[in-house]
Amino acid sequence: MNTIIIAHLYPREMNIYGDLGNIIALTRRLEWRGYAVEVRSVEVGKFFDFSKVDIIFGGGGQDSGQLIVGTDLLIYGEVLRNLADSGMPMLLICGLYQLFGNKFVTNNNQIIKGIDVFNITTIASDTRMIGNIVIESSFGRLVGFENHSGQTQLGVNQLPLGKVKHGFGNNSTRKHEGAVRNNAIGCYLHGPVLPKNPKLADALILAALKRKYGIAELLKLDDSIELRAADVASTRS
Amino acid sequence: MRQTLTLIITKVAAGASRISRRGGGGALPGLLAEKLDPKLASRLSAQLSHGVILVTGTNGKTTTTKLIAAELEAHGERVLTNRSGSNLRRGVISSLIDASNLSGEIDATIGLFEVDEAWLRFVAADLQPDKIVVLNLFRDQLDRYGELDTLAGLIGDGIASTKAKIYLNADDPLVASLSKYAARSDLVNYFGVEGLPAKSTRRQVTPVDSDRCPVCKTELVFSRIFYSHIGHYSCPNGDFSRPQPEVSLTHVNESSDESSDFTAAITGKRYDFQLQLPGSYNLYNALAAIAVGYGHGIAIADLQTSINTTEAAFGRVERITIGNKTLLLLLIKNPAGFTQVLETFLSSKMKANILIIINDNLADGRDVSWLWDVPLEILSSTQPNIISSGIRATELTLRLKYAGIDSRSIEDLSSSLNALLDEIPDGSMGYILPTYTAMIAIRQELSKRTDVPKMKL
């Protein structure tokens, strides 16, 4: 059986607000199409071979987790930038989205250096941006739940994932959300994002299958339950 | 004079609020008193001749408070306590105002309050308690409180502002580490479990809430895990390890859906208890209550009687009969609690009839993503018949789909309850798992069909 390998970045430290649901969604949607899935955890202090994986996922975490992870992640900066340029599908939520940027400045003015996959800078603030969020993107409408105090600014030539229709997004003023580099996507959408936004999940899956097996089209799935749940989420203020 | 005026104003406000049915008279008096006379709570509580006990922690506050209240009452104390929905500072102050007359006299000997984790520091500073109990710290509505480490620090500040005896869960590393905030080391007491069938130290990806050394942040080594991050642990660098509890459970003799018979060692001697509550999480609540009762000088034989005869708090494990069918009402609030309910009641039942009601109102937590942190997959081999209801019924149906379980969404509460009752065979049992506001709504729905005990809010 054909197997897709998912790298889960630092699940012990960065695994909050149901982010695990994204791994569940990728796994099931691949299994339903007849593929086997293997999830490999990236752990602090243990060398990880990214050349063997097909999708990379990382979630959010507590500040303490972010400090521990930040240093370890720097080892893989060049590898991950090259993989992003080569079209590797990646999804980074919240805390790891920030660390995939240029830097994150904490509340105590501590600077955590990022790995520059995205040209973004994040500065912690006193306002917590919490609530249901709806954005419009090239994957259509995306719904999620955001919960961050980091204010993220896009650098020169950095494309956002989408426009905010409801909620905050990258920061409390500019009404854009997330960042994209090829098939690498970073954003603040917890929720978790993939189960309720199957188009986005399938875009990551198709990119992986294209790279590994030259597959051009995905088998259609019945997404009526997914879309109903997304509709309800989009109406919650 | 200021005090009398404040009491008059707040009591009138409580009355008005009760009549207009806006808030059940709950928080408003406390809210007003905070503004009019910030020292009122300190003065009122100073009359409680046998002191004040505070109970905090993510899960089990209401049940533990109920168990301790039963022990104290059987011991002859007149206990002033608060309701589970009013455990912020203003709720505690409201209970004090409600219990006092206009001269500010309170007819009670002891105060016993469950307190929200983030508010403990304020309530502790106001009331200067004699005893503080910390049960556990799990992820719960982090959208309100930020992070567990931060929350533990806030509780620590509360402890540090008092000279209270503290009662800590030895098996929760973050809670056990709060000992450093005690005014003196001889004020620290621990309760914990020695013998309970341990879960494998399975290292799955489901979130473990706090498994790092509170001192050096290295990953702790667990020799046993009872559930979530609760177990026997030590830091590989030797910076921190599980303290030896004075009150400990040595083994569970028998457990069912309704009760748990266990043996506890209290400073070395063994005693049997028959707790009228199921589930390992309630064993910890009972141990906390035993430790506090013992610390209060209550005879162990009396503690046994109280523990053996106290029933569950409203909605925690409530049995309701409709005709010849029985419903078990089990409150779910967060991943740890939901997981415990699954493991205790449902993981080994074939074809159980289950109604799960998910709301996302403020009191439930606006963020429903926590459903994805619950290992619902463990039900997939039992072929349950599940109906999803509530505001976010569709989210649960989606979660179940990805756990390999079919379910029906019926958002309307009354129709979902009818559907459940239709499915339960005569003489059998069904399960209702509601979030907080869903529990209030479903109890109302049930009361149209049968006698349901009034819930105090």
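In which loop of chain A is A:P192 found? A:P192 sits in the loop between β12 (184-187) and α5 (193-196) of chain A. Helices (H or I, at least four residues) and strands (E, at least two) are DSSP runs, numbered from the N terminus. A cis peptide bond joins A:G191 to A:P192, with omega about -15°.

The model is predicted: local features need pLDDT of at least 70, side-chain atom pairs count only at pLDDT 80 or more, and totals for chains, interfaces and linings use all residues. Residues are numbered from 1 along each chain as its sequence is written, chains are lettered from A and ligands numbered from 1 in the order written, and side-chain values use heavy atoms, without hydrogens and water.

Another loop of chain A, between β5 (103-105) and β6 (111-113), holds A:N109. Phi of A:N109 is positive, near 65°. Most residues other than glycine have a negative phi, and most peptide bonds are trans.

Now chain B. The axes of α4 (residues 61-74) and α11 (residues 300-309) of chain B come within 9 Å and cross at roughly 135°. Axes are lines fitted to C-alpha atoms, for helices over the stretch in contact, and angles run from 0 to 180 degrees between N-to-C directions. B:L67, B:A70, B:E71 and B:A74 of α4(B) make the contact (heavy atoms within 4.5 Å) with B:L303, B:S306 and B:I307 of α11(B).

Finally, the interface. Here 32 residues of chain B contact 37 residues of chain A. Six salt bridges link the chains (a side-chain nitrogen of Lys or Arg within 4 Å of a carboxyl oxygen of Asp or Glu). The side chains of A:E13 and B:R212 form a salt bridge, at 2.3 Å from N to O.
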